[in-house]
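Please read them with the structure open.

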Amino acid sequence: MEDPTLERHFKGHRDTVTSVDFNPNMKQLASGAMDSNLMVWNFKPQMRAYRFVGHKDAIMGVHFSPSGHLVASASRDKTVRLWIPSVKGESTVFKAHTATVRSVEFSPDGQHLVTASDDKSVKVWTVHRQRFQFSLSQHQNWVRCAKWSPDGRLIVSGSDDKTVKIWDRTSKECVHTFFEHGGFVNYVAFHPSGTCIAAAGTDSTVKVWDIRMNKLLQHYQAHTSAVNGLSFHPSGNYLITASNDSTLKILDLLEGRLFYTLHGHQGPATAVAFSRSGEYFASGGSDEQVMVWKTNFDQIDYNEVLQSHRLRTLDEPRPHIHDIHPRSPQYKHPSHTSAPQVDARTEPKNMSAPQPNVTNVGPAMFAQPQVNGSGRKGLHDLEMTSADIDRRGMAETQGGETGHSAPSTVPLEERNIPSQLSRTLEQIVGQLDVITQTVSILEQRMTMTENKLRECLDNQQKITLQVRPSE
């Protein structure tokens, strides 16, 4: 057993990092920030990082689909975008809420999205055409986070009303509410077994509940300031947290104790997430940095875990993971001296890796926004289901090569057209599409005006006919 080690750090954001997530294929890492940009970092050497530009305000949450072919971003501009994480930066956008969208997450089968918002609601959407399904609206204040259970049957949400709610997806009812938090609930997550949930709060605590008995299992006070994020290790034995006290802490759930304290960020640590295998975890902070760490302390067969993840994405039965059995129902850790500390600020393992070049990628101009999940068409690829995308076998970007933008056309890159000319042609096509839609709208308005004018003329004729006999 070894201590966690800092493997990579990425610099490219221009403001606080708010969310991080690994691509299940472990080739990419996505991060969102208050600078309104989505960054996709490629782990393959010499591959450029992509900066996706499209949101008009801060990005609050990011999440990869189970297939890894899509990444969703939630923003303060009230929209959610679905991106193809390649150099083209194709995306479709829809207005999801009437206020800031705080979080977004794909369902385990990749067919649905759940979003949480400052409009006090949790909403569920289809990935296919981004159609609105239903809304959950019992919170009394901003909803900071909403997550799926591993089997996709339940949703957990945390709110500034200081409650954590469990929702049944089928009945659309709140099945239980936990009131134990003394502050706002910043983040929630399901244990990999689906039997427990964890919540992080502004009161510096992390709490773990058993949702079968609706009982508080563990209560950690390891941080000295607000806890902004957390993530379960896929084994279910560990929980990692990120806090305004600038530290990451790894909690041993089986022992019910603080396991590691990690120092790396200069300022508040605002986001943290394990990879799907658990071999790595990533963190983000107000220092605008994204850090990638090697777990080391839990030596398991990562290939076996990855294989089980792939099976779950193919609707295979989920493997059984033992429930949490803590030694004590509550744990409070007033001092942090007994747990090993790793200081990446002074003892990084590998900081020699050069920073990747960044390619600025704008949104596809032909991906028009939807309003409240209406049926207007967006990007063709994103209207397909995840299974459809899998079947099409969209290739990962290799040295600037990209997947095709429409199934009936040959990509411009494959026609040996210079990249600058290719981008210019794409912009022209996008502008033509915008003009076409504008003309269509104008035609509709002209038709409405003509109908109104015809109606007025008919009414005038009727009035004239009525007046003449009386004369």
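**Notes on the predicted model**

1. His 176 sits in strand β17, which covers residues 174–178. This is a predicted model, so please read every value below as computed from it. His 176 counts as partly exposed because its relative accessibility is 24%, and the buried class ends under 20%. Beyond its neighbours within four places in sequence, His 176 is in contact with Val 164, Lys 165, Ile 166 and Asn 214.

2. Two partners of His 176 deserve a look. The side chain of His 176 makes a polar contact of 3.3 Å with the side chain of Asn 214. Ile 211 is 35 residues away from His 176 in sequence, yet the C-alpha atoms are 8.4 Å apart in space.

3. Lys 165 is one of the residues in contact with His 176. Lys 165 belongs to strand β16, residues 164–168. Which side chain of opposite charge is nearest to Lys 165? That is Asp 161, at 5.6 Å.

4. Lys 165 does have a polar partner. Its side chain and that of Thr 177 form a polar contact of 3.0 Å. Setting aside neighbours within four places in sequence, the residues in contact with Lys 165 include Gln 138, His 139, Ile 155, Val 156 and Ser 157. Cys 174, His 176 and Thr 177 are also among them.

5. Now to the charged pairs. Side chains of opposite charge can pair when their charged atoms come close. How many salt bridges are there? The count comes to 8. Three of them follow in the next points.

6. Asp 57 and Arg 76 form a salt bridge through their side chains, at 3.2 Å from N to O. The two residues are 19 apart, and the pair links distant parts of the chain. Asp 57 is in the loop between β5 (49–53) and β6 (59–64). Arg 76 is in the loop between β7 (71–75) and β8 (79–83). Asp 57 is partly exposed, at 27% relative accessibility. Arg 76 is also partly exposed, at 35%.

7. Asp 118 and Arg 102 form a salt bridge at 2.8 Å, N to O. Asp 118 lies in the loop between β11 (112–117) and β12 (122–126), and Arg 102 in strand β10 (residues 101–106), so the pair ties together parts 16 residues apart in sequence. Are these two residues buried or exposed? Both Asp 118 and Arg 102 are buried.

8. Asp 252 and Arg 257 form a salt bridge at 4.0 Å, N to O. Asp 252 is buried, at 7% relative accessibility. Arg 257 is partly exposed, at 33%.

9. One nonpolar surface patch should be noted. It is made by Leu 421, Leu 425, Ile 428, Leu 432 and Ile 435, and its area is about 430 Å². Ile 435 is in helix α4, residues 419–470. Ile 435 counts as partly exposed because its relative accessible area is 49%, and exposed means over 50%.

10. Last, the overall picture. The protein has 4 helices and 31 strands. It has 471 residues, of which 55% count as buried. Of the contacts between residues at least 6 apart in sequence, 53% join residues at least 24 apart. The protein exposes about 21,100 Å², with 51% supplied by carbon and sulfur atoms.

Conventions
Residues are numbered from 1 along each chain as its sequence is written. This is a predicted model: local features need pLDDT of at least 70, side-chain atom pairs count only at pLDDT 80 or more; totals for chains, interfaces and linings use all residues. Side-chain values use heavy atoms; hydrogens and water are left out. Buried means under 20% relative accessible area, exposed over 50%, partly exposed in between (1.4 Å probe, protein chains only). Contact means heavy atoms within 4.5 Å. Accessible areas come from the Shrake-Rupley method with a 1.4 Å probe; for residues, only the protein chains shown count as cover. Patches are made of residues with over 30% relative accessible area and no salt bridge: like charges are joined within 9 Å, nonpolar side chains (Val, Leu, Ile, Met, Phe, Trp, Tyr) within 5 Å. Lys and Arg count as positive and Asp and Glu as negative; His and the chain ends are not counted. A polar contact is a pair of N or O atoms within 3.5 Å; within protein, one must be able to donate a hydrogen and the other to accept it, and residues adjacent in sequence count only if both atoms are side-chain atoms.
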